Amino acid sequence: MSIGQERLMRRMARGIEFLGSQTAILCGAMSWVSERNLVSAMSNAGGFGLIACGAMTPELLDAEIAATRKLTDKPFGVNLITMHPQLFDLIAVCAKHGVGHVVLAGGLPPAGSLDAIKGNGAKLICFAPALSLAKKLVRSGVDALVVEGMEAGGHIGPVATSVLAQEILPDIADQVPVFVAGGIGRGEAIAGYLDQGAAGVQLGTRFACATESIAHPNFKKAFFRASARDAVASVQIDPRLPVIPVRALKNASSDLFTAKQREVAGLLDEGKVEMMEAQLQIEHYWAGALRRAVIDGDVDNGSLMAGQSVGMVTKEEPVADIVAQLMAEAAAALEKRAA
């Protein structure tokens, strides 16, 4: 083992122990993309795969976990959306299968959800877009955090990854494992965040076009053609409607989302829907738009959710090769710093 590899494994040791994997690299949960094939490939490659539950019913999640288990005997987790109307049923499905790690995304854990997840023996991971929220989540008993910056694909916050890492890691990294995400495409960046105290990292865009990804060839080609500046954030048109911005490759779906927001805002005005229902309509819009691009290959009208690291995705590669390359780059960077 080289000096760089030794330093890398030492810095990843806490994340590896927490995840039970060979490396502290998570594959971010991407709706329609992070299913049995990509998740099992990630875990088999020594990383940590996450099933993107998204808008799945409990029955669909049950089948997806069972199918993933047939493809890997390595640890993997499940990402659940906090506003899902059947959240507690989904938690029960995870418990039934003995899922060891559950990620809650989309806001603060609803009352009772933390106890339900941890009471079943699973480790709970939550997203922290600010230091104040990170402290609150740690106090509530969350086992680990993901610090994700605005460079990421899909739903994003307003602050850059580099700023969030500097703000949160010094205060939180000695309390719980913290995984940094957003805009990471090379191992040199991984080494930098590990040096700052991160237990590991999470990447999504880098794995979206892996050989094992079921994403449509058209979807993958759009990624290969794109540069960082093509991944843009959606615009909120009505301040009353708390729409979380989504980063995706710009296409006709951007205008379709603007129209959808106007439609939902109109329903709010008329009192035809409550705020929670309005937010769910927005989430269902994204789920449908993403499916059109990922599954059907409609890259004009579907949503091409991608982080700004998309410019570093240039070809289709096996997950194992991507993980190996990231680890080699990180080790080489750490070896240079040791000289």
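Two residues are in contact when heavy atoms sit within 4.5 Å of each other. Helices here (H or I, at least four residues) are DSSP runs, numbered from the N terminus. What you're looking at is a predicted model, where local features need pLDDT of at least 70, side-chain atom pairs count only at pLDDT 80 or more, and totals for chains, interfaces and linings use all residues. Residues are numbered from 1 along each chain as its sequence is written, and side-chain values use heavy atoms, leaving out hydrogens and water.

**View A. Helix H1 meets helix H8.** Leu8, Arg11 and Met12 in H1 touch Ile190, Leu194 and Asp195 in H8. Sorted by class, that contact has 4 nonpolar, no polar and 2 charged residues (Ala, Val, Leu, Ile, Met, Phe, Trp, Tyr, Cys and Pro count as nonpolar, Asp, Glu, Lys and Arg as charged, and the others, Gly among them, as polar).

View B. Lysine 260 in its helix. You'll find lysine 260 in helix H11 (residues 252-269). Is this lysine buried or exposed? Lysine 260 counts as buried because its relative accessibility is 16% (buried means under 20% relative accessible area, exposed over 50%, partly exposed in between, with a 1.4 Å probe and protein chains only). Apart from neighbours within four places in sequence, lysine 260 is in contact with Gln281, Ile282 and Tyr285.

Definitions and conventions
Helices (H or I, at least four residues) and strands (E, at least two) are DSSP runs, numbered from the N terminus.
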